[in-house]
Amino acid sequence: MIRTASAAGARTGRVVHGTGRRIRRATSAEGAGESGLAKLIELHALNSFGDMLITIALASTIFFSVPTGEARGRVALYLLITMAPFALLAPVIGPLLDRLPHGRRAAMAMSMLARAVLAWTMAGVITGGGLALYPEALGVLVASKAYGVVRSVVVPRLLPSRLSLVKANSRVTLAGLLATGVAAGVGGLLHLIGPGWPLRGAFLVFVIGTLMAFHLPHEVDSAKGEQRAVLHAEVHGEGPHLLPHRTEPVKASLRAVGPSVVLALRAMAAMKWLVGFLVMFLAFLLRTDPIGGLRPTLALGLVALAAGMGNALGSVLGSWLRTRGPEATVTVMLLVATCVTVATALWYGVVTVPLVAGTAGMAASLGKLALDALIQRDVPEVVRTSAFARSETLMQLSWVAGGAVGILLPLDGVLGLSVAASVVALVLLWTLRSLLRTGVRRRPAAPRVA
């Protein structure tokens with residue numbers, strides 16, 4: 001028995017070691033290991049793993065454990081709470097991080113540590129499932145979104161010469177998605193032991209993440225070669241530009257980031273609206289009126305699987321994408337999402353509903369990669385964190401707005417999808433008009449001011 005156990009342990013060790021070596025080889029490909037991007041990819045995977053464990057722990061207390069009518073009220077309250085982190089993120093956290101260009105590693109570590117403490121605290125009160133969880137869940141959201149903003153800002157500092165911004169962003173995002181899938185299985189097993197165990201697992205993950213954040217390359221905290229820029233309004237038809245000696249900056253404006261970024265923000269807001277709408281509308285609709293005569297749990301599982309696969313496909317496509325025109329990418333994604341939503345409204349059924357969920361996930365995933373690349377390309381380092389904070393604010397508020405419409409509409413599939421198709425079609429026409437005016441830039445832009 002001792003020899004058998006020893007042999008089994010040795011085989012397990014070889015499998016774990018081989019798997020770790022393959023993962024490290026994948027994350028370090030195309031110069032990512034030399035530039036330090038591989039360490040950021042691994043840190044983001046750990047971050048996504050911990051966030052998923054917290055999501056699993058909270059899911060049963062908000063949606064699945066109560067009747068449909070009461071669940072709609074709880075989810076509406078949760079949507080209101082999710083808006084609060086972004087009310088802080090744009091006007092407070094973004095500018096604060098802009099003033100600390102040398103503290104990126106510390107900021108990421110603090111976001112991890114805050115979630116570790118909150119996860120451990122929630123583990124003690126999760127059983128009751130009362131409103132006491134909401135302030136702690138709010139703190140987790142704030143810390144998670146702050147990490148996401150800093151992570152987006154850090155990518156250009158670690159960008160290998162052989163990778164484009166879209167491919168680098170997609171590689172980071174794909175690592176997070178894979179970690180989320182693994183965490184779903186681990187979290188489910190931990191939940192069988194007790195509702196607090198996924199949170200205790202998240203505590204351990206975020207403690208490790210805190211230590212890993214400080215092991216990121218020093219380039220993350222280096223501002224070498226950066227210019228101090230101020231916001232400058234357009235003068236005599238000229239666009240915003242760097243003014244190193246100007247002493248009276250103009251207040252930040254979303255439109256000051258340039259037409260390409262505004263175009264992508266508008267298109268992504270529509271896609272996030274669609275995703276939020278589908279999540280909430282289909283979650284309640286399929287509980288009361290499943291598609292194709294399927295059981296409610298099976299119908300929900302089918303749609304969730306399609307959405308997850310679409311999200312992953314968007315990240316994979318982003319890692320393969322060779323185009324230098326993120327404006328065209330985000331517009332095409334909006335076009336695809338609109339066409340599939342219209343088709344689902346016309347032929348609502350067991351095939352089209354999972355298809356629209358998967359397409360919306362793919363379009364939002366790939367579109368977000370293109371938007372991040374545009375911000376990283378067109379906005380200077382000195383105000384890039386604020387730009388990402390405002391972008392994340394708009395994305396989340398759009399998601400919440402879509403979810404709110406999904407909760408308020410009558411549970412009629414054709415009606416709901418028709419409303420969704422009308423909204424995204426209008427934004428598509430607006431975006432196409434802007435794209436014709438803006439064009440597609442295939443070379444990196446000169447630094448400009450957000």
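At 52% relative accessibility, Met 110 counts as exposed, where exposed means over 50% relative accessible area, buried under 20%, and partly exposed in between (1.4 Å probe, protein chains only). This is a predicted model, so local features need pLDDT of at least 70 and side-chain atom pairs count only at pLDDT 80 or more, while totals for chains, interfaces and linings use all residues. Residues are numbered from 1 along each chain as its sequence is written, and side-chain values use heavy atoms, with hydrogens and water left out.

**View 1. The whole protein has 14 helices and 0 strands.** Helices here are DSSP runs of H or I with at least four residues, strands are runs of E with at least two, and both are numbered from the N terminus. Buried residues make up 52% of the 450 residues. Take contacts (heavy atoms within 4.5 Å) between residues at least 6 apart in sequence: 84% of them join residues at least 24 apart.

**View 2. Met 110 sits in helix α5.** With Leu 113 and Val 117, Met 110 forms a nonpolar patch on the surface, and together they have about 270 Å² of accessible area. Areas come from the Shrake-Rupley method with a 1.4 Å probe, and for residues only the protein chains shown count as cover. Other α5 residues are buried, among them Met 108, Met 112 and Leu 118.

**View 3. The largest nonpolar core holds 61 residues.** A nonpolar core is a set of buried Ala, Val, Leu, Ile, Met, Phe, Trp, Tyr and Cys residues joined through side-chain atoms within 4.5 Å. Leu 274, Leu 278, Leu 282 and Val 330 touch the most other members. Helices giving two or more residues include α6 (133-154), α9 (259-288) and α14 (413-438); α9 gives the most, with 20. Leaving out residues up to four places away in sequence, Leu 274 touches Ala 337, Thr 341, Ala 360, Ala 420 and Val 424. A second, separate core of 43 residues includes Leu 37, Leu 53, Ile 54 and Met 108.

**View 4. Thr 344 is part of helix α11.** At 0% relative accessibility, Thr 344 counts as buried. Beyond residues up to four places away in sequence, Thr 344 touches Thr 352, Val 353, Val 356 and Leu 417.

Note on methods:
Patches are made of residues with over 30% relative accessible area and no salt bridge: like charges are joined within 9 Å, nonpolar side chains (Val, Leu, Ile, Met, Phe, Trp, Tyr) within 5 Å. A salt bridge is a side-chain nitrogen of Lys or Arg within 4 Å of a carboxyl oxygen of Asp or Glu.
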